Each structure stands twice: as C-alpha cells, then as structure tokens.
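Let's walk through this model together, starting with its charged side chains and then turning to a nonpolar part of the surface. Keep the structure open as you read.

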Amino acid sequence: MSDYDRVPFECGPGLRLSAQERISEVRQEDLNRRLDRIEQMMERLERRLWLTVYGVAAVILAQAFQSFLTTQIP
C-alpha cells in the first residue's frame, strides 16, 4: 500500500465546510461566555437593587420610629 492510499482525500468544499463548522463553534462558545457574564452582572445588579430597597425601607422605618419616640416623650 502506498502513502496515497492511507491519506484521505480532502477537497476544497470539504475543507471550507469544516472551517465554517469550527467558526460556528467558536462563535457559539464566545456567545455563551458573553451571556454568562451578562447573567452574572444582572445578578450583581439585582443584589444591589435589593440592598438599596432594604436601605430605603430601613431609613423610613428609623425615621418613623424616631418620630414615634419624640411624640411619646413629654
């Protein structure tokens, strides 16, 4: 058997198709990484939003409690 019999024949369209498939895989992986980063940023933003909401509620309750104390003391 010669060396030519052992090497599979690769034609231009076949190489182009495999290159396009690899490019698609790379793009999909990049897109997935970007989506993961966006999801992490959204989770951090959501935590900050809830901390802000709880902080505002705590300030309002503290002011209400303080005004309640000042009206009770003659």
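**Charged pairs and a nonpolar patch**

Salt bridges link Asp-30, Arg-33 and Arg-34 in a network; a salt bridge here is a side-chain nitrogen of Lys or Arg within 4 Å of a carboxyl oxygen of Asp or Glu. This is a predicted model, in which local features need pLDDT of at least 70 and side-chain atom pairs count only at pLDDT 80 or more, while totals for chains, interfaces and linings use all residues. Residues are numbered from 1 along each chain as its sequence is written, and side-chain values use heavy atoms, with hydrogens and water left out.

Arg-34 and Asp-30 both sit in helix H2, four residues apart, about one turn of the helix. Helices (H or I, at least four residues) are DSSP runs, numbered from the N terminus.

The structure holds three salt bridges. One of them joins Glu-25 and Arg-22, at 3.3 Å from N to O. These two residues are three apart in helix H2, so about one helical turn separates them.

Now look for Leu-31, Leu-35, Ile-38, Met-41 and Met-42, which form a nonpolar patch on the surface with about 490 Å² of accessible area together. Such patches take residues with over 30% relative accessible area and no salt bridge, joining nonpolar side chains (Val, Leu, Ile, Met, Phe, Trp, Tyr) within 5 Å and like charges within 9 Å. Areas come from the Shrake-Rupley method with a 1.4 Å probe; for residues, only the protein chains shown count as cover. Met-42 lies in helix H2, residues 12-72.
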